[in-house]
Amino acid sequence: MAEDEPSGALSKPLVFRVDETTPGVVQSVLLERGRNQFDEQEQNVEDWNLYWRTSSFRMSEHSSVKPWQQLNHRPGTTKLTRKDSLAKHLKHMGRMYGTSLYQFTPPTFVMPADYTRFVAEYFQERQTAGAKHSYWICKPAESSRGRGILIFRDFKDFIFDDAYIVQKYISNPLLIGGYKSDLRIYVCVTGFKPLTIYVYQEGLVRFATEKFDLGNLQDDYAHLTNSSINKSGVSYGKIKEGVGHGCKWTLSRFFSYLRSWDVDDLLLWQKIQRVVILTILAIAPSVPFAANCFELFGFDILIDENLKPWLLEVNYSPALTLDCSTDVLVKRKLIHDIIDLIYLHGLRNEGREGSKATHGNSNIHATKRDRGGLDAHDCLPYESLSFTGRTYNEDDSVVEAAVSLCPEAAPASQLEGEVSGQEDFHLSTRETPQSKPKLRRRHTPHKTRMPYGSLVQSHSGKTKTSPPVLSDHGSAPDTRAGNFVLVFPFNEATLGASRNGLNVKRIIRELQKLMNKRHSQVVRNKTRTSNMDF
Ligand code: ADP
């Protein structure tokens, strides 16, 4: 037992600590799981196991964290979540590792520093004969919920303040029934040293509630997909073409919609995962060490009509409010799965304090407690994981090398089955899509392929039916907890490159190899399909 662990930890109920900013759904899920809420008056200041709040923690709070305690934020992560800082970091990565690799974010100018560059770019485009005139979006660097946003095409309409960014406006979004949407992808980083990234296989699709119209840039309900805006729109409650009521779908419904139009949803999902990894790599080396903490990010991704995913921003403390039944469906399970992820699997921490945290008996207590005294729901993600049949691409050398012991992550197509029937009752009629996404070419029929995350080898040879084993800095992290699927490290080489520091160059090389492989697969599949069509 760790020296500073309270004696009799096993007999103590697990305690969570909140403040006035802690989302209600977090509190209710934790209570449901049999946890007790920390009471400052009654309990000792160290008598809690999980502290979840919306704002960040002070460094002193991080350094005084005990082995049996977890914090839901990590120092240094706001570098990703401030729009100006994100732009700077991604630009730097582009310069270091190739701009083409980092072209998943629209060209961005940080004001006022980049004002002259922006003006030069704007007027150069205007003077180039035949060039299409871009649309631009101006956003406060540190705001949220669509506040203070301006979309313009003409320079005379451009107004900005300090701490704004100007970004190329994606003017060809993929429309469903004429409505714009973007994806909220949940990403949990359980460790930066070594880097360990899980992407949630379910999520939200947030719709604008008026039809997309470039002729009216002032209409926030047509151009901004924030639900905080759209839930107060006049069309929110109406049945909208292709979309239905409200302004949200589950991610699985969206992928199912794409599949019905012959889109290779798995390829799109892999591209999204690559965006996530490349983005987190931009800050990972500079994030200070901190033990016993994790970070849940909300990635906002817009898909254009060519099915290219664009990163719009990364959210710190993504909204966990329950505005509609789609929110309830996605966010409650999300919290359950986070708890499973951090308690059943342990955090993968490097270094002295980290080892203490992950090897300390306190986590084992947490695990026993979580598995023992809880309702059936708690056991589900762990005990009843379905082991799907594996379908490899023949030329996947990583797979060839892999010991086939880790369960395959469910692709969106399987997930859909898991949630169907529980979906938002407003949206439950799966009407045949009325409007087809504007696709340039026919995509390959959907096939079950190895999702990105499950390329990880199972080093310890354990499967999900074995009892939970706490990860340490030397072993591969678990590949799945509920709907969380490990996307980094994704093979032997990246596992190595994530130990003892982070070898970003090596990781990027592995990502590129994977991308090239995927690209040749897609080309081959297309050739095969067009031969069949012929
Ligand atoms: P906020 O933090 O205020 O929500 P976002 O960057 O997420 O700011 O932008 C709000 C909304 O504006 C997005 O959800 C999206 O609908 C739209 N948007 C933002 N940037 C772009 C862009 N570059 N192109 C197209 N739409 C955008």
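Which residues in the largest nonpolar core touch the most other members? The points below take up this question and then turn to the rest of the structure, which is a predicted model.

1. Overall composition. The secondary structure of the protein comprises 17 helices and 15 strands. The protein has 534 residues, of which 57% count as buried.

2. The largest nonpolar core. This core contains 58 residues, and those touching the most other members are I185, V187, F254, I280, L281 and F299. The element that gives the most to the core is helix α9 (residues 265-281), which supplies 9 residues. In soluble globular proteins, nonpolar side chains tend to be buried together.

3. The surroundings of V187. Leaving aside residues up to four places away in sequence, V187 touches I197, Y198, V199, V276, I280, E295, L296, F297 and F299. Two of these partners, I280 and F299, are named with V187 among the core residues that touch the most other members.

4. Cysteines. How many disulfides does the model contain? The count is 0. A disulfide is a covalent bond between the sulfur atoms of two cysteines. For C247, the closest cysteine sulfur belongs to C324 and lies 6.7 Å away, which is too far for a bond; the cut-off is 2.5 Å. C247 counts as buried because its relative accessibility is 4%.

5. The whole structure holds 23 salt bridges. One of them joins the side chains of D327 and K248, with an N to O distance of 2.9 Å. D327 belongs to helix α10 (residues 325-344) and K248 to strand β11 (residues 248-250); the two are 79 residues apart, and the pair links distant parts of the chain. Are these two residues buried or exposed? Both D327 and K248 are buried.

6. A salt bridge within a helix. The side chains of E510 and K513 also meet in a salt bridge, at 3.1 Å from N to O. Both residues lie in helix α17 (residues 504-533), and because they are 3 residues apart, about one helical turn separates them. E510 counts as buried, at 7% relative accessibility, whereas K513 counts as partly exposed, at 46%. Elsewhere, salt bridges with shared partners join D182, R184, R206 and D300 into one network.

7. The pair E61 and R58. These residues form a salt bridge in which the closest N and O atoms are 4.0 Å apart. E61 counts as buried, with a relative accessibility of 17%; the limit for this class is under 20%. R58, by contrast, is exposed, and its relative accessible area is 56%.

8. The parallel sheet. Four strands form an open sheet in the order β2-β1-β3-β4, with parallel pairing. Strands β2 (36-37) and β4 (70-71) are the edge strands, each pairing on one side only. Strand β3 (residues 50-51) pairs with β4 in the parallel sense over 2 bridges, and L50 stands opposite Q70 in β4.

9. The antiparallel sheet. Another open sheet of 4 strands has the order β5-β8-β6-β7, with antiparallel pairing. Its edges are β5 (108-111) and β7 (150-152); each has a single partner strand, so one side of each is left without a neighbour in the sheet. From one strand to the next, the twist averages 20°. Strand β6 (residues 136-140) pairs with β7 in the antiparallel sense over 3 bridges, and the bridge partner of I137 in β7 is I151.

10. Which strands does helix α4 touch? Helix α4 (residues 83-97) packs on the sheet and touches β5, β6 and β8 (164-168), its direction making about 130° with that of β5. Helix α5 (residues 115-127) lies across β5, β6, β7 and β8, and runs at about 140° to β5.

Conventions:
Residues are numbered from 1 along each chain as its sequence is written. This is a predicted model: local features need pLDDT of at least 70, side-chain atom pairs count only at pLDDT 80 or more; totals for chains, interfaces and linings use all residues. Side-chain values use heavy atoms; hydrogens and water are left out. Buried means under 20% relative accessible area, exposed over 50%, partly exposed in between (1.4 Å probe, protein chains only). A nonpolar core is a set of buried Ala, Val, Leu, Ile, Met, Phe, Trp, Tyr and Cys residues joined through side-chain atoms within 4.5 Å. Contact means heavy atoms within 4.5 Å. Two strands pair if DSSP finds at least two bridges between them. Axes are lines fitted to C-alpha atoms, for helices over the stretch in contact, and angles run from 0 to 180 degrees between N-to-C directions.
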